Every structure is written in C-alpha cells, then in structure tokens.
Amino acid sequence: MFSAEQSCWFVRKVICWRAVASIAWAVLLLPPITAVFVLLSRFSLLHPIQSVSECLSFLTSASAIFSFILLCGVIIMVGFLNLEYYTVIPTIACSKIALLGQLLHPRQFVNSLAHCIMGIIVAWCCAIAIGGRYETIAYPCTLGDGADSSHQMCLNEHHFILLLAGAFVGLSHSMLGVIYNMNYVPFLTVQQYKYLRFKGSLPSLVKCSATQALYSVRNYIAVYFFLGYIPKAWICKTLNLHLNSSVHPLDSIAGLLDLNLLYQLWASAGFLLLTWHVTLLLFRIFVTEVYSFPVQSSFTEDAHQCLPKVITGKQPMILKFLALQDLALLSQHSPLRRLEVFSLSQPGGHPHNWNAISKECLSLLNDLTQRLIAYHDTVATNGRAKSLPTGSERKTSSETSSTEDLMSPRPTFLMKTPTSVFARSIVGASQSPLTAPFTSPDPDSPFASPALRRLTAPADPCSPWFGTVQSPHIMRRLPKLWSTPTDSQVNGSPPASPSSVPSPKQEPSKPSLLAQFLQNRKEQVKHFLAKRVLIMYLFNKLPEASSQALFADSQAHIWALEGLTYLVQASFSEDQFGVVQTALPSILGCMLVLQEAVDRHFKLPHASSKPVRSASSLGDSTHKTLRFALRATLKTAIYRITTTFGSHLSAVQMSAEHRKRLQQFLENKE
C-alpha cells in the first residue's frame, strides 16, 4: 500500500525521538541517584559528619567524574536495548520447553551478554564509590615466613566478588526480563501526564529494585559459595595474581558471614537495578504517550499519516496500537474529529473515512472470534487432530457411516498464538468430529453440531467466511449467527444438493510401507517419551498460558470495541448523512457472535481464574488479565448501543437469534 519509507515514518520521526527523550531524562536522574548510593555506601553512624564530608569530596573527584561518564554510557546502552527489544504484544510461553527456548535464543543470548558486561561496568563504578578494601582488584602482600617471604601482588577478593555480583545481577535481570515479559510495553487505561505517572510509579520502583536485589544477592552468594573457586583461579592465572592464605577466602562460610560485605553487595545490586528500571519506566512512559493522528489531510503526500490509513496498516505494531488508542479517545472526547469521520468525500460523496475505520475494527473482531472458535474446537478434541484411517479401517468407516449424516464433517482448527493484531489466527487442520460442547447444544450457536444447523439463516457481511466459501464441508461449518441467505444464494447459484457432495468412499491410494513404518516409529517414540517424567514436565501445557496467549493482543480489540461503539453512539445525533446506520446490523452481529464465543471460552478450565500479581518484578502483568477486560468492555459496548438506540433497534434487520440475544441487553438481563 505504501513504500517502506512511508511505513517507517512514525518510527523515524516519533518513536526514536521519544526513546532519546527517555534516555536523556534517565541520564539527568543519574546524578541524584548516584549521590544517594554514595551516601548509603559510605555513611557511618559513629561519624556522620565526617562520612558526609567524605562523600562530597568524592563526588567532586576525578575518579567520580570518570565513573559517572561510564554510568552514562551504560544508561544509553540500556535505553538502546529497550528500543531494540520492546514489544506491545507479550510473548507467552505455553510450556516449560517453550520458555527454555526463549531463554536460549541467540537474540536473547546477545542481550544477556550485553547486560553482563554492563553489570560489570556498574559494579566497578560502585567499587570505586565505596572505596576502602573494595577499590582495587590487587594489593601488595607478603607470602611465606621468615627468610622465604617474598612481596607479591595478591587478589583483592572483595573487589572481585563485587565485579562478579554485577555480572550475575545483569544476567538475572536479562533472564527475568524474558520470564516476566519486562520488554512488554503496556498502555494505561486512564491517561496521565508523564510527570504524574513517573511520580506515582517511583515508590513501587524503588521497592521492586530493593526486593529483586535482595533475591539476586541471595542466589549469588549460594552460587559463589559452591563455584566461586573457578573464576577466582582463572583471574589469578590471567593477571598473574596470588591468593593470600592469611585471609579467609570469601567462598567459605566464615568469609560470607561478613555483614558489611553483604550490605555493600545489596546496595550495589539495588543501585544497578534502580538505574535500569528507571530507564525502562521512562521508556514505557514516553513511548505510550498519546499521539493524535489527523483524520484527513488536504495534501496527498501526507495521506499515509492520516488515521484511516494508519489504522489499516500492519507494521510497525506500536503505530497500530497508538492509532487504535487515538481512535478510542477520538470517539469519546473529540466532536470535531468525529465529524471528520462521518464526513463524505468530495467529489463522489463516499464515507471513505468511516468505511476504512469500521472495516478494520470489524476485521479485528472477526479475527478474535475465529481464534476463539478454533481454540474451543481444539479443546473439545483434547488438542488432537484425528488422523485419517488407512487400509481396511477406511472401508469399515465408510460403510458404517453410510447410515449417518455425510454432510456434517467439520474442520478442526489448531490454535495459533497471536503474534500481531493483524495475523490471521486460523489454520485448517485435518477434519475430525467434535465432542459435545460444555453446555446444552444451541442450534443457532457457532459451536453447535452441524446436524443442528441444516437450515441456514440470512448471511451477515460480518461473517469471516462471507463470500469465500468454496467447499460444502466448510459451508456446513458456517454458524447460523453469521449468515442470512445461504452461500449459494449469495453467489447466485442454486443450492448444492446432497448428490453433489463428493462421496467419502472415494479413498486415496494406500500409503507405502515406508510411510507406515515411519508412522509406527513416530508413535513408538511418542509413547516412550510420554512415560518420562522430565519430558512430560517440560512439554506439558502451563495453566492459563494458552488462554493468556489467545488474548495477548486483546488491547487492540478493546480499543476497536470502544472506538466503534462510541462512534455509533455519537452518530445518533451527529451523523448527518446516516453513514453509520447502514453498518449497524453487521456491527451488532459481530459483537453478539464475539460475546457468545467469549462466554464459551470462560466456561473452559483455567479461563476464569485470575493470576496472582508478582510484586518483586517490574514486569507488567496486565496482559494476564486482558481477557477479563475484553469481556467487560464487550458487554459495556453492547449496552452502550442498546441504551442509545433503544426501541429503534427493532427496525434493524437481523436474524432471530441476534434479536433474541439483543433483547436480553435491552431488558438489562445480561
């Protein structure tokens, strides 16, 4: 639709500058944070005035200025990594093996290596700030007794353990970023000024950094106690240093029971995490700031920057999300911009703006409906696609099925975790009958059995398969809620008769012996691995993970629902040309079908249980509850239309099932 240069204009002109602004503010906040750390690391209760004067003299020294320059470089690098790895759609691992694959990914390996190096740099700056026995990595010592004594350079293990602690905390921070989706950029429901948002998040940020630093130091002490001799021997060999036998080694119980050492480790880890968390928080605040797109432009070269064009684009994701956010705010608070949405083009008199916006919103809702139906079908078959029978089994199956309905096979869909708002999430799989639904069968439900849907209802342009049905098998899969006339009536062709359906007795050729041998070996390997506890632990699905992955991009659907329904509500008094009322039947149809699919999903196991929030990580957990927010938004959106139009909805053409469900909202019974 547009060139690559036009599609990335937003990243080049907006996102990059917002990231630069967040890094600049993080650098400006670095001096006060560093001053607080120096004061905490050098303060003495016995000599408070002297310790404060020492801190002031250190902050003006050359070593402090050099350390501050290094810390600024680290902050800039952290900001660059935030810009490189951020996402608006969280990556949710549905099993332990999937999470392990994310942690071992080459891209994540580069990120972890960078955080380890930056952790060592920050730890070195902390050692310089602390001073005393932590300042240098080597010191002169005397080895041996009497005449055999010699002056050598010995390893300063206090400095060395602090450097390793920085690397360990950096690695832990990178790993926890994958586990808790810390690269996920959430959007707030209630808009706030940047200063107020930062001020409100600062106390929890400090608490989170201190808590995570405590856990990291605990884990690091345990690792250093058992494996500390390995890096210690390596650094001594590399730098030609010696170990002072007259000093207790720190990889022992006596060496680690040093309260000052533990305090300095915790303070350094807290300082490191706080500076990185502040940089991440500022990046989230700046990137998710509301951006107002023009609805229409007088110049053709700026047409790709207008809301109707941006909202239908696919990349980048942040541009799509900010456009939907702007649509939701526009529909609620901007009467003048709403008039531009309802306006007609000149010349021609076509509602291009409304058509583009409504089409994209309905497309998003249709995609989610298809995903929910596919997921329900997969769960109903226990996640297995029934394999095709072979040999004599085919013949027996075809003979016994001659007394049954041959028009009812339905395709089973395999769920595809949404990687974007625009990805089509339904992929066809082998056909298999479904088990009974969780509730009593409804002949008008998209989840009902095909035998209950012999008679089709009028077609609805909201249908995801409207006008694209090519197979009588898929025709029978169509829900009644999504169609009024039959597919043959829409296409202008006579309805298909049962004799026109291909007979299932026309079987393909028998598979070769090699294919059967490979299939048998595959089943044997699967049965063998299924008996191993470790294999099952790694490959078993995590509770709620599939449901969370299904709704991972539902923030876009929430904004689409709000924007669409607020525009419909405003059109009751502001739409002078009636461009919205023509699409009202399809809008109501899509929303009612989506509501039924969502209600069905919440009857599944783990779908209605709310996850526990973690207070020890900066990772945002709002994506875990998006399904609850979507369900509430969907019900509110339907009520918004029914309370606005009221009895006027009786004049809207819709199927009997639609009208029955809509009546529940009109009577406030939902």
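Does Phe645 count as buried or exposed, and at what relative accessibility? At 7% relative accessibility, Phe645 counts as buried, where buried means under 20% relative accessible area, exposed over 50% and partly exposed in between, with a 1.4 Å probe and protein chains only. The model is predicted, so that local features need pLDDT of at least 70 and side-chain atom pairs count only at pLDDT 80 or more, while totals for chains, interfaces and linings use all residues. Residues are numbered from 1 along each chain as its sequence is written, and side-chain values use heavy atoms, with hydrogens and water left out.

The protein chain holds 25 helices and 4 strands, these being DSSP runs numbered from the N terminus (helices H or I of at least four residues, strands E of at least two). Of its 670 residues, 47% count as buried. Among contacts (heavy atoms within 4.5 Å) between residues at least 6 apart in sequence, 79% join residues at least 24 apart.

According to the unreviewed UniProt entry, the annotation "transmembrane region" covers residues 20–43, 55–81, 109–130, 160–180 and 265–287; such annotations may be inferred rather than shown by experiment. In the model, residues 20–43 are 96% helix and 0% strand, with end C-alpha atoms 35 Å apart, and residues 265–287 are 100% helix and 0% strand, with end C-alpha atoms 33 Å apart.

In α2 (residues 9–42), a kink of about 35 degrees lies at Leu30, shortly before the proline Pro31. Helix α8 (residues 194–227) bends by about 40 degrees at Leu202, and the proline Pro203 follows within four residues. The buried residues of α8 include Arg197, Phe198, Leu205, Gln212 and Tyr224, and among the elements that cover the buried residues of α8 are α2, α7 (157–179) and α11 (259–287).

Aromatic rings of Phe, Tyr and Trp (its six-membered ring) pair if their centres lie within 6.5 Å, with planes under 30 degrees apart counted as stacked, over 60 as edge-to-face and the rest as tilted; by this rule there are 16 aromatic pairs. Phe66 and Trp124 form an edge-to-face pair, 6.2 Å centre to centre with 90 degrees between the planes, which links helix α4 (residues 62–85) to helix α6 (residues 106–130) across 58 residues. Phe66, at 45% relative accessibility, counts as partly exposed, and Trp124 is likewise partly exposed at 29%. The ring centres of Phe572 and Phe645 lie 5.2 Å apart with planes at 85 degrees, so this pair is edge-to-face. Because Phe572 lies in helix α22 (residues 554–574) and Phe645 in helix α24 (residues 626–645), the pair ties together parts 73 residues apart in sequence.

How values were computed. Expected span 1.5 Å × (residues − 1). Bend = angle between axes of the 7 residues up to and from the residue.
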